[in-house]
Amino acid sequence: MKVALFSSLTAAAAVAAHGPLHARQSASSVGSAAPVGSAAPSAPAGPAPSSFSFTLAATNPTAIPLASIVSNAPSQATHALGTTFAPGSTPTAVTGAPPLPNAALLAPSSYPPLDVIVSPDSPEVKQWILDVNNSGISIPDIAPTVAGGCPANPVAAADADKSRCWWTCGGCVQPTDVTTCPDKLTWGLTYDDGPSLYTPDLLQFLDQKQLKSTFFVVGSRVISFPAILQAEYMAGHQIAVHTWSHPSLTTLTNEQIIAELGWSKKVIKDVIGVTPSHFRPPFGDIDNRVRAIAKAMGLTPVMWTRISALATFDTDDFDLHSGLSTASKVLQNWDFIEGNATTFPSGFILLEHDLFQQSVDIATGYILPDALAHQPAFKIEPVIACLNKPMNDAYIELNDNSTNPPAQSASGSAALTSGAPGSAQSTGKPNSALPAALPGLGSVLAFAMVLLGAATL
Ligand SMILES: [Zn+2]
């Protein structure tokens, strides 16, 4: 049954969801402009519009009502993992993997402080720096950017589509960046910033629907919720790196980038026994310097699909928690994305999150049920699978480099996509408002506060 849902105010012009390319308000302009393009009414720049329209082919009968998916929603009861795995369990989604480590033995004191940019002064990082220096990969001499994105970095922004290939200012990508899935109507499903208290709800829904995802996890969250990471891995989801403290990587020194990637690789291996081969830069903030360091550390970047500045495949679900976006707005974004995905010549990758309950509620209640009912059908799978590679290739120790080598060159010719990406950097909003220190475990809320300084990630 086709149902149409509208926000409480007068609905905007009905959206023909599956026509030609639909523009959507990019995350970089949230709150500053109305949706534009043929599919939505035009409006002058100003406050965010208060009504949005969208059409859903299906919703979850047990979905949280849209009116309750708001920034000040009371915390829902969290749910325990359906299954936990004993130390020594054997993973079945990959072959040749070591037994599952004992998560109870994880000692947080052996890792850097949570949610703080990692110091490069530890013996571990010094070794990783040596490894990068001995990798044979040349790191371009590109100066770090300063916090504040494109407006704060005019020189770098002017070079963003040239030797720097800085995604944040103009969406420059390299052939080695994963930005789409090759096969039409195939969706490389991803969730970022977890694990969190709400991840088990998402895992339960994915399990019910027999869906697998890629999870880009933050090292500081892995320390807090190692059993959830194990559940993701053992259920056959792809685990990938999303740094230790979620900084904008282009603002860091080479050594800090190595520390952020290295510690997140290490904690993931300590918890699941293998090391991811893919990563997503927080805020999509990547340039050729970050690419080269990541390559030297065995990590292939995964972005999200952008057709243009106004057609980024970012639902903006992250901003539900802060109130910078609304459930109706996110579903309108999804409607535009779904329409574009239907006509896009290749498959696609979305940006979504599992850090906050609102993001999980909108995914399990609306976006995923609608996607599953979509005609023509989407093929929904982890990024590694959408690339037509075996799950073993998602992990450095299990990847058969002889037949499935990692991405080759981080210094090829730049491929520029038009417009600005959906990035906090491009808004000039601060992204370095990191607290001096955050106490101990369970600092999800503190981490959230850190991230509230940014529009999206
Ligand atoms: Zn993120």
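1. Let's start with how helix 7 and helix 8 cross: in this predicted model, their crossing is right-handed. Helix 7 covers residues 254-272 and helix 8 covers residues 288-296, and their axes come within 10 Å and cross at roughly 50°. Angles from 65 to 115 degrees would count as roughly perpendicular and those under 35 as roughly parallel, so helix 7 and helix 8 are oblique to each other.

2. Which residues make this contact? On the helix 7 side they are Asn254, Ile257, Ile258 and Leu261, and they meet Val290, Ile293 and Ala294 in helix 8. The contact of helix 7 with helix 8 has six nonpolar residues, one polar and no charged.

3. Helix 7 also packs with helix 1 (residues 123-133), at an angle of about 110° and with the axes 9 Å apart. That angle makes helix 1 roughly perpendicular to helix 7.

4. Here Glu124, Val125, Trp128, Ile129 and Val132 in helix 1 meet Glu255, Ile258, Ala259 and Gly262 in helix 7. The residues of this contact divide into six nonpolar, one polar and two charged.

5. Now for the strands. Strand 4 (residues 190-192) and strand 5 run parallel and are joined by three bridges. Tyrosine 191 stands opposite phenylalanine 215 in strand 5.

6. In a regular strand, side chains alternate between the two faces of the sheet. Within strand 5 (residues 214-217), Thr214 and Phe216 point one way, Phe215 and Val217 point the other way, and all are buried.

Methods: Residues numbered from 1 in each chain as written. Predicted model: local features only at pLDDT ≥ 70, side-chain atom pairs only at ≥ 80, totals over all residues. Axes fitted to C-alpha atoms, helices over the stretch in contact; angles between N-to-C directions. Helix = DSSP H or I, 4+ residues; strand = E, 2+ residues; numbered from the N terminus. Parallel < 35°, antiparallel > 145°, perpendicular 65-115°, else oblique. Left-handed = near helix turned anticlockwise from the far one by under 90°. Contact = placed C-beta atoms within 7 Å. Nonpolar A, V, L, I, M, F, W, Y, C, P; charged D, E, K, R; others polar. Buried ≥ 20, exposed ≤ 12 C-beta atoms within 10 Å, placed from the backbone. Pairing = 2+ DSSP bridges.
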